[in-house]
Structures are given as structure tokens and as C-alpha cells.
Amino acid sequence: MNNGAIGVFDSGLGGLSAVRELKRILPSESIIYFGDTARVPYGGKSEDVIVKYALQDMRFLLKHNVKAILVACGTVSSVAMTALRNATDTPIVGVVEAAASAAERASKNRKIAVLGTAATVKSRSYEKILKNKDSALDIVAKPCPLFVPLVESGHISPKDKLTALAAEEYLSDVRRFGADTVILGCTHYPIIKDAIARKLRRGVSLIDTGKEAAIELARTLREADMLCEEGRDEDGIAR
Ligand code: DGL
């Protein structure tokens with residue numbers, strides 16, 4: 001048992017999609033959230049800068065004695081997990097592995113699309129894990145650089161014209177590709193899930209990275225007997 005808080009961070013408010021799921025499955029846990037809104041977006045920055053920012057974000061949370069860290073950012077999870085893990089013994093869960101596993105389980109036609117920031121797509125993080133699971137998977141990855149600034153500036157309504165325009169621009173190739181499963185590879189994207197879904201084929205499974213990572217973190221804490229006292233008897237998916 002461990003009554004410390006769970007630390008969650010992202011470049012901005014996208015990681016709140018993971019917090020929402022954490023609060024649903026582990027309602028008794030305390031959560032400290034850090035969103036680096038002064039420096040968002042991370043996705044167009046160099047790998048070195050992303051690693052530097054990620055280490056600073058993590059150290060901020062560690063100063064608050066968190067018992068575990070959820071990296072609720074597809075970009076940081078794609079390029080900085082090794083640097084983060086080398087810098088602490090505190091358990092850390094990122095979004096890529098959990099989301100890739102969920103996508104692999106969900107896909108029937110074995111065509112998967114990955115939407116992410118420029119840095120995430122460049123890193124090929126999701127593809128590497130997916131191909132390891134099944135080398136026959138057909139995968140496309142599409143950078144969607146305007147989505148994060150649009151979400152951060154409040155263009156989140158399903159009817160928002162700017163977001164719809166950006167979604168059309170980014171997703172027409174993905175629609176033609178015919179994936180039955182689309183990984184929302186950045187934690188900001190679930191916030192504009194409806195605008196994204198409108199541009200894709202009906203019935204496509206959208207994988208919410210923050211949600212999958214929250215489930216993974218809950219499982220990790222339960223297995224390590226690190227849930228808080230009240231949380232140990234909760235009826236969460238984590239059990
Ligand atoms: N939520 C972050 C992610 O998952 C956004 C990255 C950015 O700031 O560009 O990638």
C-alpha cells in the first residue's frame with residue numbers, strides 16, 4: 001500500500017484525458033497534474049529539447065513525492081522514455097505501449113492508422129511496437145501539427161470550422177487507406193474525437209491513448225501493491 005499521489009504530466013491540457021480515466025477507475029487516488037502550457041506544443045521541437053523539457057516536468061512532480069508517474073503525452077512517450085527511466089527509480093508508464101496493444105487487439109482488417117505530432121510520427125514509436133506484435137500489420141502514420149494548438153486555444157466543439165478544416169486536410173488519406181482502427185497518438189486528440197470521427201469511415205475504432213495508459217498504470221500499481229489504502233478494495237478495471 002502507498003498513499004502517495006500519482007503524478008501525471010503533458011505538454012498542456014491533453015493529459016487530462018488520462019486523468020479523467022484515472023479518476024474513473026481509481027477514484028480514491030490523489031493525482032498531481034502538471035501541464036506545461038507555457039511551452040506547448042512540444043511536437044514540433046527537436047528530440048533534445050523534448051527530452052530536456054520532459055526531465056524538467058518529471059523532476060517537478062518528483063519534488064511532490066509522487067509514487068508513480070504517468071507520461072500522458074504521446075510525444076514525450078515516443079522520444080524520452082529511456083531518459084526518464086534512467087533518471088529515477090519511480091515507476092513510469094507512458095502511452096505508446098498501452099495504446100499500441102489496444103489497437104492491435106481491436107483491428108480486424110489489420111490496417112491501423114496512427115495520428116500524432118510531428119515528433120511522434122518521426123520517431124515511428126507506435127509502428128515499431130505494432131510491427132513487433134504482428135509484422136503483417138499495414139500501418140500509416142500521419143502528423144497532425146495543428147490539432148494541439150487548436151485544442152489549446154479552445155477550438156474543441158465538434159462543429160468548429162477550423163478544426164473541421166484541419167481534420168479534412170489531415171484525414172482524407174487516412175480515410176482512403178481504409179484502416180478500421182485509428183490510434184489517437186496524442187493525448188490532445190480525444191478532446192476533438194468527434195471532429196476526427198466525422199472525417200473517417202463509420203465504425204472505425206478510435207484508440208484513446210490517455211485512457212489506455214491510465215488502465216496500464218492502474219494495473220501496474222495494483223500488481224506492485226502500491227494503491228492507496230481506500231483504493232485497494234475499489235472495483236476498478238485495474239483489478
Ligand atoms: N499531448 C501531447 C502529445 O500527446 C501534445 C504534444 C505537443 O505539445 O505537441 O503528444
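**Ground rules.** I number residues from 1 along each chain as its sequence is written, and I keep in mind that side-chain values use heavy atoms, with hydrogens and water left out. Because the model is predicted, local features need pLDDT of at least 70 and side-chain atom pairs count only at pLDDT 80 or more, while totals for chains, interfaces and linings use all residues.

I then looked for polar contacts, which are pairs of N or O atoms within 3.5 Å. The side chain of serine 11 has an N or O atom 2.6 Å from an oxygen atom of the ligand, and a polar side-chain atom of threonine 75 also lies 2.6 Å from a ligand oxygen atom. For aspartate 10, an N or O atom of the side chain is 2.9 Å from a nitrogen atom of the ligand. The ligand taken alone exposes 290 Å², and the protein buries 99% of that, with areas from the Shrake-Rupley method and a 1.4 Å probe.

**Entry 2, the cavities.** I searched on a 1 Å grid over the protein atoms alone, where a cavity is a set of points at which a 1.4 Å probe fits but cannot get out, and lining residues have an atom within 4 Å of a point. The whole structure holds two cavities of 30 Å³ or more, a volume being the space filled by probe spheres set on the points, which are joined across faces, edges and corners.

What takes up the space of the largest cavity? I found that it is the ligand, since a molecule sits in a cavity if more than half of its atoms lie within 2 Å of its grid points. The largest cavity has a volume of about 60 Å³, and its lining includes Asp10, Ser11, Tyr42, Thr75 and His188.

The second largest cavity has about 30 Å³ of space, and among its lining residues are Val174, Arg175, Leu200 and Arg201. I counted its lining as five nonpolar, one polar and two charged residues.

A pocket is an open set of points with protein on both sides within 12 Å along at least five of seven lines. The largest one has a volume of about 170 Å³, and its lining includes Ser77, Met81, Arg85, Glu97 and Glu216. Helices H4 (81-86) and H5 (96-106) each supply at least two lining residues, and H5 gives the most, with three; helices are DSSP runs (H or I) of at least four residues, and strands (E) of at least two, numbered from the N terminus.

I noted that the peptide bond from valine 40 to proline 41 is cis, with omega near 5 degrees. Proline 41 is in the loop between strand S2 (31-35) and helix H2 (47-62). Arginine 110, in the loop between H5 and strand S5 (111-116), has a positive phi near 65 degrees, although it is not a glycine.

Key:
A polar contact is a pair of N or O atoms within 3.5 Å; within protein, one must be able to donate a hydrogen and the other to accept it, and residues adjacent in sequence count only if both atoms are side-chain atoms. Ala, Val, Leu, Ile, Met, Phe, Trp, Tyr, Cys and Pro count as nonpolar, Asp, Glu, Lys and Arg as charged, and the others, Gly among them, as polar.
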